[in-house]
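These notebook entries record what I looked up in the structure shown below. Each entry takes one topic.

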Amino acid sequence: INVAGNFTRAAAATLTLNNSVITLDGTGTQNLTTNGLSIPNLTINKASGSVELADALTINTALDINSSTSILDLNTYNLTMDTATFENDGTLRLAGSQTLTGFTNDVNSGTVEYTGTNTGVTHTIYDAGAGTDYWNLVINDANATADTFALGAALTVGNNLNITSGTLDTSAANSYAMTVGKAVTLTGTLNGNASTITVQGS
């Protein structure tokens, strides 16, 4: 199912998708409203603009952001991956406040970008556990009341870290280590505390 405009499933509507793939491939902004419907396979394939969630999203099988120009913006809504895989060749955009359930990041390609909630609060960013957490990580909170994005564990970025605006904090209480595979671009704020920060530049 290819959708060039908004995808809206009304609350009272019945839609049986079986193992269908929904591909959002229009230009400009496309809104995605599921009203609790689980989507088996969702592909974001956009030459411009973004897909923006209007409510929480559940994926059963696969979520694919499959081009460098494709953006999936969760806004402040939760994402549940019900044993689903995630492939990211574009950008997954998070406010920072949402809950990611069953989510395993793609650490071989793609970008995860945090943009904030304009509330001045502190969010703990996603941690994969052992190994690499992100391929590219961007902190880009240009809101008037910028948030802080804090580490909850040691951070490993496989490729580039870009702190464009807003604050990344390694935690004053824990001073988590931070390792970046290639380069750090800093026009925002990095609170390094007493952390060991390693930039491999490979």
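**Entry 1. Basis**

The model is predicted, so I noted that local features need pLDDT of at least 70 and side-chain atom pairs count only at pLDDT 80 or more, while totals for chains, interfaces and linings use all residues. Residues are numbered from 1 along each chain as its sequence is written, and side-chain values use heavy atoms, with hydrogens and water left out.

I looked up Ile197 and found it in strand 23. Strands (E, at least two residues) are DSSP runs, numbered from the N terminus. Ile197 counts as partly exposed because its relative accessibility is 35%. For these classes, buried means under 20% relative accessible area, exposed means over 50%, and partly exposed lies in between (1.4 Å probe, protein chains only).

**Entry 2. Ser195**

Next I located Ser195 in the loop between strand 22 (189-191) and strand 23. Ser195 counts as buried because its relative accessibility is 15%.

Which residues does Ser195 touch, not counting residues up to four places away in sequence? I recorded Thr170, Ser175 and Tyr176, with contact meaning heavy atoms within 4.5 Å. The side chain of Ser195 makes a polar contact with the side chain of Thr170 at 2.7 Å, and it reaches the backbone oxygen of Tyr176 at 2.8 Å. A polar contact is a pair of N or O atoms within 3.5 Å; within protein, one must be able to donate a hydrogen and the other to accept it, and residues adjacent in sequence count only if both atoms are side-chain atoms.

I also checked Ser175, which sits in the loop between strand 19 (167-169) and strand 20 (178-180). Its phi is positive, near 45°, in a residue other than glycine. Most residues other than glycine have a negative phi.

**Entry 3. Salt bridges**

How many salt bridges does the structure hold? I found two, a salt bridge being a side-chain nitrogen of Lys or Arg within 4 Å of a carboxyl oxygen of Asp or Glu.

One pairs Asp73 with Arg93, the closest N and O atoms being 3.9 Å apart. This pair links distant parts of the chain, with Asp73 in strand 8 (residues 71-73) and Arg93 in strand 11 (residues 91-94), 20 residues apart. Asp73 counts as buried because its relative accessibility is 8%.

Arg93 also pairs with Glu113, with the closest N and O atoms 3.0 Å apart. Here too the linked parts are distant in the chain: Arg93 is in strand 11 and Glu113 in strand 13 (residues 111-114), 20 residues apart. Glu113 is buried, since its relative accessible area is 9%. Through shared partners, the salt bridges join Asp73, Arg93 and Glu113 into one network.

**Entry 4. Nonpolar core**

I recorded 41 residues in the largest nonpolar core, where Leu42, Tyr114 and Leu168 have the most contacts. Strand 7 (residues 57-65) gives the largest share of this core, four residues. Such a core is a set of buried Ala, Val, Leu, Ile, Met, Phe, Trp, Tyr and Cys residues joined through side-chain atoms within 4.5 Å. Leaving aside neighbours within four places in sequence, I listed contacts of Leu168 including Ile125, Phe149, Met178 and Asn191.

**Entry 5. Arg9 and Asn35**

I found Arg9 in the loop between strand 2 (7-8) and strand 3 (21-24). Arg9 is buried because its relative accessible area is 16%. Its side chain reaches the backbone oxygen of Asn35 at 2.7 Å. Not counting residues up to four places away in sequence, Arg9 touches Thr33, Thr34, Asn35, Gly36 and Leu37.

Asn35 itself lies in the loop between strand 4 (30-33) and strand 5 (38-44). It counts as partly exposed because its relative accessibility is 37%. I noted a positive phi of about 50° for Asn35, although it is not a glycine.
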